[in-house]
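Hi,

Here is the structure I said I would pass on. Have a look, and my notes follow below.

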Amino acid sequence: MPIRTRRWNDPALPDDGFRLLVTRYRPRGVSKAQETWDAWWPELGPSRELHADFWGKGGGAPLSFADYKSRFLHEMQAQTFRLRALVEQHKAGDTLTLLCSSACVQEDRCHRSVLKRLIEGR
């Protein structure tokens with residue numbers, strides 16, 4: 001089945017399957033009852049340092065997406081266990097929907113798209 005990518009505040013669709021929030025930061029002001037995801041794995045989001053560097057808040061110029069992607073993939077090397085679990089779900093035919101921030105409007109410049117390709121490639 002497919003792996004989808006969406007924002008956490010996009011309305012859930014009946015065929016979304018397992019909705020996984022993959023952000024380092026939990027959405028502010030969202031109560032447990034308002035959660036639109038089945039699980040939250042913050043370890044599959046970019047580290048706080050990488051997130052800050054991407055936006056130029058780490059003391060330097062903002063990172064290019066190529067540099068961001070490279071560093072993110074390096075960070076994901078430490079997440080073999082979690083990635084393996086998602087690969088197994090995907091191979092079993094389960095639909096996965098990777099959710100990111102409500103502010104993340106450019107899917108092609110987001111770690112969720114990198115994560116999707118990483119899972120599909122394994």
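Leaving aside its neighbours within four places in sequence, which residues is Ile 119 in contact with? They are Ile 3, Leu 83, Leu 86, Val 87, His 90 and Leu 98, where contact means heavy atoms within 4.5 Å.

Before going on: this is a predicted model, so local features need pLDDT of at least 70 and side-chain atom pairs count only at pLDDT 80 or more, while totals for chains, interfaces and linings use all residues. Residues are numbered from 1 along each chain as its sequence is written, and side-chain values use heavy atoms, with hydrogens and water left out.

**The sheet**

There is an open sheet of four strands in the order 1-4-2-3, with parallel pairing. Strands (E, at least two residues) and helices (H or I, at least four) are DSSP runs, numbered from the N terminus, and two strands pair if DSSP finds at least two bridges between them. Strand 1 (3-7) and strand 3 (39-40) stand at the edges with a single partner strand each, so one side of each has no neighbour in the sheet.

Strand 1 and strand 4 run parallel and are joined by five bridges; Arg 4 stands opposite Thr 97 there. Strand 2 (residues 18-21) pairs with strand 4 (residues 96-100) over four bridges, also in the parallel sense. Across that pairing, Leu 20 has Leu 98 as its bridge partner, and Leu 21 stands opposite Leu 99.

Strand 4 is mostly covered, with five of its five residues buried (buried is under 20% relative accessible area, exposed over 50%, partly exposed in between, with a 1.4 Å probe and protein chains only). Leu 96, Leu 98 and Cys 100 are on one side, Thr 97 and Leu 99 on the other.

**Helices and cores**

Helix 3 (residues 80-91) lies across strand 1, strand 2 and strand 4, at about 140° to strand 4. Helix 4 (residues 111-120) lies across strand 1 and strand 4, at about 170° to strand 1. Those angles run from 0 to 180 degrees between N-to-C directions, with axes fitted to C-alpha atoms, for helices over the stretch in contact. Seven of the ten residues of helix 4 are buried, and its buried residues pack against strand 1, helix 2, helix 3 and strand 4.

The largest nonpolar core has 21 residues, and Leu 20, Leu 98 and Ile 119 are among those with the most contacts inside it. A nonpolar core is a set of buried Ala, Val, Leu, Ile, Met, Phe, Trp, Tyr and Cys residues joined through side-chain atoms within 4.5 Å. A second, separate core of five residues includes Trp 8, Leu 21, Trp 37 and Leu 99.

**Aromatic pairs**

The structure holds five aromatic pairs. Rings of Phe, Tyr and Trp (its six-membered ring) pair if their centres lie within 6.5 Å; planes under 30 degrees apart count as stacked, over 60 as edge-to-face and the rest as tilted. Trp 8 and Trp 37 are edge-to-face, 5.9 Å centre to centre with 90° between the planes. Trp 8 is in the loop between strand 1 and strand 2 and Trp 37 in the loop between strand 2 and strand 3, so the pair ties together parts 29 residues apart in sequence. Both are buried.

Tyr 68 and Phe 72 are stacked, because their ring centres are 6.5 Å apart and their planes at 15°. Ring pairs also link Phe 54, Trp 55, Phe 65, Tyr 68 and Phe 72 into a cluster.

Over to you!
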